[in-house]
Amino acid sequence: MKTILAKSAGFCWGVKRAVEKAHELSQQHSSVYTDGPLIHNEQMISQLNSENITATNKPTSIKDSPLLIRAHGIPPKRRSMLNNLSINITDATCPDVAKIQGLIRKHVKQGYSIIIYGDKGHAEVVGLEGYAEGNSFIIASIKDIADIPNIQTPVCLVSQSTQLPLAYKEISDAIIKRFPNTVILDTICKSTRNRQQELLDIAKDVDAIVIVGGSHSANTVRLLELAKTIKPTFHIQIAEQLNADDFKNYNSVGLTAGASTPDFIIKEVAARLRSF
Ligand code: SF4
């Protein structure tokens, strides 16, 4: 089957940077800890575990090993707590996430309340919320706007880095109706925009779409939401989940993957699709 593989499929630069830092540390130390799972991909986590790179939720029990802060970033209070431990800390917060954190901090200092468009409980959003120092509201959809109480301060709207631009525009329009002078910041990262745009471009020329990525990966979920609006879409995590019968009515397929999907999985999926 003709298979068009997106150039942007797989690790974004922020995830690549974090994984490289983990590998560098593992060459210098017998074990490396990450502050929560480094990446939302089970296969990659297994590979990292085999290199003694493991996630921990209890950094207080670390003794001689380094701790890596993942690309999603952490709230300032957690950073202070970690800095007070006598351990070696390496920060792999993605610079694009750090930029949003800085914008939130700056606007809170200027007296703004922050509305964050993102997935409540997602590590990046937890970090962003921390920078708002209690002056934030998280919304995951337009209907959540009704739950925001009346805000007396100026309002600033930011988005989690991996949201869909079209959805953010709809959210922005709805927020402006409720809080007319809201400052709207464009905080969807370039890597996310490129990946989503390439998916739209490829979708025009194929009969179906395959998205590879972890079910907890926010940017994979966004790719799925987008693809499903255009073409029949299949979501898998590994090549073995592909079934030839599912594709018998299609001549061509577009293939892309979330920012935490390693290259070896994408190659296996592309090879299997081409064999159908
Ligand atoms: S998706 Fe964007 S913000 Fe998130 S880690 Fe990748 S490059 Fe950074």
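Colleague: Which element gives the largest share of the shell around the ligand?

Modeller: The largest share comes from α1, with three residues; helices such as this one are DSSP runs of H or I with at least four residues, strands are runs of E with at least two, and both are numbered from the N terminus. This is a predicted model, in which local features need pLDDT of at least 70 and side-chain atom pairs count only at pLDDT 80 or more, while totals for chains, interfaces and linings use all residues. Residues are numbered from 1 along each chain as its sequence is written.

Colleague: What makes a residue part of the surroundings of the ligand, and how many residues surround the ligand?

Modeller: A residue is near a molecule or strand if its C-beta atom, placed from the backbone, lies within 6 Å of it, and 15 residues surround the ligand, the closest being Cys12, Gly14, Cys94, Ser161 and Cys189. The elements that give two or more residues to this shell are α1 (13-28), α4 (95-109) and α7 (190-203). By class, the shell has eight nonpolar, six polar and one charged residues, where Ala, Val, Leu, Ile, Met, Phe, Trp, Tyr, Cys and Pro count as nonpolar, Asp, Glu, Lys and Arg as charged, and the others, Gly among them, as polar.

Colleague: Why is glutamine 197 called partly exposed?

Modeller: A residue is buried if 20 or more other C-beta atoms, placed from the backbone, lie within 10 Å of its own C-beta, exposed if 12 or fewer do, and partly exposed in between. Glutamine 197, which is found in helix α7, has 14 other C-beta atoms within 10 Å and is therefore partly exposed.

Colleague: What is the phi of asparagine 52, and why does asparagine 52 count as partly exposed?

Modeller: Asparagine 52 has a positive phi of about 65 degrees although it is not a glycine, and this residue is found in the loop between α2 and β3. Asparagine 52 counts as partly exposed because it has 13 C-beta neighbours inside 10 Å. Glutamate 51 lies in the loop between α2 and β3 (53-56) too, and with 13 C-beta neighbours inside 10 Å glutamate 51 also counts as partly exposed.

Colleague: What is the phi of glutamate 133, and where is this residue placed?

Modeller: Phi of glutamate 133 is near 50 degrees, a positive value in a residue other than glycine, and its place is in the loop between α5 (123-131) and β7 (136-139). With 15 C-beta neighbours inside 10 Å, glutamate 133 counts as partly exposed.

Colleague: How do you know what span is expected of helix α9?

Modeller: The expected span of a helix is 1.5 Å times one less than its number of residues. Helix α9 (residues 263-275) has 13 residues and reaches 18 Å from its first C-alpha to its last, close to the 18 Å expected.

Colleague: Which residues of α9 are buried, and what puts them on the same side?

Modeller: The buried residues of α9 are Ile265, Ile266, Val269, Ala270 and Leu273. They cover an arc of only 135 degrees around the axis, which puts them on the same side of α9; the arc is that of the directions from the helix axis to the C-beta atoms. The face of α9 turned away from this buried side carries the exposed residues Asp263, Ala271 and Ser275.
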